[in-house]
Amino acid sequence: AEQRESLMYFPTVYTRLSHSCVPFVFIHQLQKQNYRQEKKRAAKELFSALKDPSVVIMSNWLKIRSSLKSWTKLWCALKPGVLLIYKTPKSDHWVGTILLNACKLIERPSKKDGFCFKLYHPLDKSIWAVKGPKGENVGSITQPLPSNYLIFRAASESDGRCWMDALELALSCSSLYKLTAKTGREADISMSSESSHILHLLSDRAHHVASVHFRLNDSLLLGNHHMEQDGFSDRSEREAHDEWDTTANENGGRLTEESDVDQTDESPGPQATPYVEQGTEEMAEAGEASQVETVSEENKGLIWGLLKQLRPGMDLSKVVLPTFILEPRSFLDKLSDYYYHANLLSQAVQEESAYGRIKQVLRWYLSGFYKKPKGLKKPYNPILGETFRCCWLHPQTDSCTFYIAEQVSHHPPISAFHVCNRKDGFSISGSILAKSKFYGNSLSAILDGKARLLFLNRDEEYVITMPYAHCKGILYGTMTLELGGKVTIECEKTKCFLELEFKLKPFLGGACSVNQISGKIFMGEELLATIDGHWDSEVFVHEKQSGQQETLWNPTPDVRRSRLKRQVVQIDQQGEFESERLWQHVTSAIKDRDQLRATQEKFVLEEAQRKEAKERGEKPWTPHLFHQDPVTSDWTYRHIDFRPWDPEHCLVQFEKDGIIQTQEKSQKQHSSLSFSWASQEKRGLTTPILPHLCRNLAALSRQLARQRAAEDGVTLTSRHWLIFCVLLLSQLLLNYIFT
């Protein structure tokens, strides 16, 4: 009877077998052949279903909880084996792809409205695909999402139950992927690029899971090596379903996460600023052609009218410039061009040698110059109190670089900025005093100031200066913009020093003499390497010891495409004095080529600034995000954090209202891992106060050294000596107590 049931699809064969003495082995082979044919048929049907991108099991809005315990509303599209997450239903802004063949699904009760459920990896591994359905490398939002689980909230219980049912169906499809990955690859099925990409991700994950499963059950396989491969696959799948059923509770056969009904929903974490990926941006090509401006006859009259008010050597900071030479963005925005390749600084922190680090810092420094507007353009002069913020995601390190800038003074115009990525171990602070000088047929825009790059884990500070911009051909000739001057990058701790000269084009120079640079790298008094090339194309470094030459930097099209994507705040969520919102009407008029309206809108802002200054009177302006050091006169970010990243205590870095901060583990988790003073003394551990005092003393010493260098012949005041002696006595006392 069992033989008749198994051979119900082969009556002709069974008739022959019933009248002959055929061994049972042959019948078993026919059963296996039938099973394999059915397996291939199911695989072809499944892969054919994915051939059409419109095959979607379910799609709707869901709220997803981030690592900061805040909820973000996103569009979720469920397909067999994957869950695609987008920012909008149009599928233009991809956020992430979850591979369901590595996930388990449980219900997550919540005291709030709606219905919650959770997708997670049972071994706490990543559930995310490395690329999007169209080959995207980075998602379109910056809200940090967990790597090994996701918590979803549906609008109602009925919607949540529908999602649970649909996800269980998709999970069953993912288990079928594991069994038919090879068959699907061998099948000759035409499919879209999106579908083939999803299948590739699923097959890779299936093979990875299979290899892990093989390693975990190595002893089991050695004891049962005589079993057939298909039989083992069936048995392992049945056991997996049995384990799932035995652990499910009585709630409809689904698992619930009772232990996860904690106070996390009732006490939400800090609300981070929502960022979105910036749209298309204008970028000129390399070479002199992009640095030349052809002035129309109408605008030449405006220039002549402006030149009548000027005299050689005059400062242009108080001169109102015509709008046709303006680049439609603020100077605070333009300063952020240096951080589209901030991942080079993440790599510099990991360099072992001091020479390797300063060479990597130079590579990052050069990466900030090739992004330039088409023609000769000048950004807006920021309004006093104007701010700008943005960030860049680092897919390789799963971190984020934040940029905060504020106009802290109007006369003289000073812009302060702060850049931080604690997880990757670097921080940059500085201020720029913008000066403009008129020389008749040319003018120069001088950026007077320094940026201080700090590697947090190494306590190394690199002091960096900036070149000046030179515009010539104002009265006669062609208006051309170049960079000139000598800049330095210096690290006092490692004794590494780099000088770089930006050369102006000589009078009789050709096209190859445009944008030239040359420089040298020293360690102490020893010359390590020389540098030459063009700052908007290739730059070479020549090693003195080995005599070898290598390409230090070359902004090829591939490099430009692979640079980090800048994330910005949407204009409707910006503050009143944030750059994009503040200048939005001027920017709109410039893009519409309406110079009259742009001039009127610009006048409105300038007039409002004059009125505010008149009402303020002699009362000094107090910046919101920066303060001035009374000793060095340097502008410092008020919420600066120089602490190295501690993976045991730090969760994620985020920004809210211009304040960059770090979400850390709760106090209970800290207390369980902390040691008492007595246990530290018994074990001979060094107290964490000493390194902080050492860093404070080193910072004070550097500060006093800089003051002595800036003011030759000026002695320290009694207040400085008193602070130094108190810190020194505290250091000696703590050393005596704990040693």
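Predicted model: local features only at pLDDT ≥ 70, side-chain atom pairs only at ≥ 80, totals over all residues.
Local features were taken at pLDDT of at least 70 and side-chain atom pairs at pLDDT 80 or more, while totals for chains, interfaces and linings use all residues. Residues are numbered from 1 along each chain as its sequence is written, and side-chain values use heavy atoms, with hydrogens and water left out.

Salt bridges were considered next. Side chains of opposite charge can pair when their charged atoms come close. A salt bridge was counted where a side-chain nitrogen of Lys or Arg lies within 4 Å of a carboxyl oxygen of Asp or Glu. The total is 25 salt bridges. One network of salt bridges links Glu327, Arg329, Asp333, Lys334, Asp337 and Arg566. Within this group, arginine 329 pairs with aspartate 337, and their closest N and O atoms are 2.6 Å apart. Both arginine 329 and aspartate 337 are buried. Buried here means under 20% relative accessible area, exposed means over 50%, and partly exposed is in between (1.4 Å probe, protein chains only).

Arginine 566 and aspartate 333 also form a salt bridge, at 2.7 Å from N to O. Helices (H or I, at least four residues) and strands (E, at least two) are DSSP runs, numbered from the N terminus. Arginine 566 has 5% relative accessibility and counts as buried. Aspartate 333 is buried too, with a relative accessible area of 11%.

Another salt bridge lies within a helix. Arginine 561 pairs with aspartate 558, with the closest N and O atoms 2.2 Å apart. Both residues lie in helix H12 (residues 557-561). They are 3 residues apart, about one turn of the helix. Arginine 561 is exposed, at 56% relative accessibility.

Helix H15 (residues 595-616) has 22 residues. Its expected span, 1.5 Å times one less than its number of residues, is 32 Å. The end C-alpha atoms of H15 are 32 Å apart, which agrees. The buried residues of H15 are Ala598, Lys602, Leu605, Glu606 and Gln609. Seen down the axis, they fall within an arc of 90 degrees, so they line one face of H15. The arc is that of the directions from the helix axis to the C-beta atoms. An α-helix has 3.6 residues a turn, so residues three or four places apart point the same way. The buried residues of H15 pack against strand S11 (326-330), helix H13 (579-582) and helix H14 (584-591), contact being heavy atoms within 4.5 Å. Turned away from the buried side of H15 are the exposed residues Leu596, Lys611, Lys614 and Glu615. Glycine 617 follows H15 and has a positive phi, near 65 degrees.

Strand S18 (residues 460-464) is mostly covered, with 5 of its 5 residues buried. Glu460, Tyr462 and Ile464 are buried on one side of S18, and Glu461 and Val463 on the other. S18 pairs with two strands, S17 and S20; pairing requires at least two bridges found by DSSP. With strand S17 (residues 442-455), the sense is antiparallel over 5 bridges. The hairpin of S17 and S18 has 4 residues between the strands, and aspartate 459 takes a positive phi there, near 55 degrees. With strand S20 (residues 479-491), S18 pairs in the antiparallel sense over 3 bridges. Isoleucine 464 of S18 stands opposite alanine 451 and also opposite isoleucine 489 in S20.
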